[in-house]
Amino acid sequence: MNKRKSGFMLPLTFIVIMAIIFGFNMSNTPCRQNGHTWAAATCTMAKHCSVCGETSGEPNTNNHKWEDATCTTPKTCVRCQQTYGEPLSSTKEHTWEAATCFSPQKCSVCGATTGTKLAHEYSSKGICSLCGETKPYGNSYGYFDESELYAMAKDAIKDFCYPTYVNNFCSSANIKIEKVTDDRLGYGKNCFSVVAAADFSSGGTVTTKGFVAVIEPHTSTTYAFVDAYVE
Ligand SMILES: [Zn+2]
Ligand SMILES: [Zn+2]
Ligand SMILES: [Zn+2]
Ligand SMILES: [Zn+2]
């Protein structure tokens, strides 16, 4: 009985010892071969090896990581929360500037923000009454941004075969429909691109853009919208 037991225990002990040695060597191999990778002491942590975690000496109470003061909080160490000085505002209140179409309410003293920016309020001419920004695309059908162009093209082409909508939207003389052979679209050989070189005006200037709707055969007489972009 004893003999059988020790015959079992001996290999097991050997395996455990090997596992400990192997594990020990694995965890220390980088530092044993290359030396420790020391990171400087901070206000909360002694000099330490970023690879194996070994430490040396004491924390450095002068090595803080300061975050600037705001109107409501003094300069503060993000590691140990120690503070220095006073908040920027004696009343601890921000000096808010009104929100615009491009920025939420912003403190002119410390730069803090609150709330959300305003939504543009476009007139029928596609001009924002708040900031004066104009939508980038306009013609006799109205004024549009790029996502609106896409949405309208998608709606129009989805239910219909020939892209009458694009026909209406642009001057028909400028529309070409061609089978896509260009692999950059990645839609395979049965796709078509509708290329309309339309004149879109923006803020009084006229720019010519190619409006490309990618459609694919749906039935023998209809097509389905796949994608659209302005080039
Ligand atoms: Zn180390
Ligand atoms: Zn600190
Ligand atoms: Zn402030
Ligand atoms: Zn605006």
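pLDDT is the predictor's confidence in each residue, on a scale from 0 to 100. The structure on your screen is a predicted model, and across the chain the mean pLDDT is 72, with 49% of the residues reaching 70 or more.

Where pLDDT is low, the predicted coordinates should not be read in detail.

**The whole chain**

Now switch to a cartoon view of the chain, which has three helices and 15 strands. Of its 231 residues, 13% count as buried. Among contacts between residues at least 6 apart in sequence, 25% join residues that are at least 24 apart.

**The sheet β4-β5-β6**

Select strands β4, β5 and β6, which form an open sheet in that order, with antiparallel pairing. At the edges you will find β4, residues 66-67, and β6, residues 83-84, each of which pairs on one side only. Zoom in on β4 and on β5, which covers residues 75-77; these two strands run antiparallel and are joined by two bridges. To see one such bridge, pick Trp66, whose partner in β5 is Cys77. Strands of a sheet pair through backbone hydrogen bonds, either parallel or antiparallel.

**The loop between β5 and β6**

Which residues does Arg79 touch, if those up to four places away in sequence are not counted? Select Arg79, in the loop between β5 and β6, and show its surroundings: Arg79 touches Thr42, Cys43, Thr44, His64 and Lys65. Although Arg79 and Cys43 are 36 residues apart in sequence, their C-alpha atoms are 7.3 Å apart in space. Arg79 is partly exposed, because 15 other C-beta atoms lie within 10 Å.

In the loop between β5 and β6 you will also find Gln81, which counts as exposed because it has 10 other C-beta atoms within 10 Å. Check the backbone of Gln81 here, for its phi is near 70°, a positive value in a residue other than glycine. Most residues other than glycine have a negative phi.

**The loop between β6 and β7**

Move on to Pro87, which lies in the loop between β6 and β7. Pro87 is partly exposed, with 17 other C-beta atoms within 10 Å. Leaving aside neighbours within four places in sequence, the contacts of Pro87 are Ala69, Thr70, Cys71, Thr72, Thr73, Pro74 and Lys92.

Lys92, one of those contacts of Pro87, is itself placed in the loop between β6 and β7. Is Lys92 buried or exposed? Lys92 is exposed, because 12 other C-beta atoms lie within 10 Å and a residue with 12 or fewer falls in that class. The phi of Lys92 is near 55°, a positive value in a residue other than glycine.

**The sheet β7-β8-β9**

Next select β7, β8 and β9, three strands that form an open sheet in this order, with antiparallel pairing. Strands β7 (96-97) and β9 (113-114) stand at the edges with a single partner strand each, so one side of each is left without a neighbour in the sheet. Two bridges join β7 to β8, residues 105-107, and these strands run antiparallel. Within this pair, Trp96 stands opposite Cys107 in β8.

**Last stop: Lys117**

Finally, follow the chain to Lys117, placed in the loop between β9 and β10, the latter covering residues 137-139. Lys117 is partly exposed, with 14 other C-beta atoms within 10 Å. Beyond neighbours within four places in sequence, Lys117 is in contact with Ala99, Thr100, Cys101, Phe102, Ser103 and Pro104. Lys117 and Ser103 are 14 residues apart in sequence, and their C-alpha atoms are 4.8 Å apart in space.

Definitions and conventions: Residues numbered from 1 in each chain as written. Chains lettered and ligands numbered in written order. Predicted model: local features only at pLDDT ≥ 70, side-chain atom pairs only at ≥ 80, totals over all residues. Pairing = 2+ DSSP bridges. Helix = DSSP H or I, 4+ residues; strand = E, 2+ residues; numbered from the N terminus. Buried ≥ 20, exposed ≤ 12 C-beta atoms within 10 Å, placed from the backbone. Contact = placed C-beta atoms within 7 Å.
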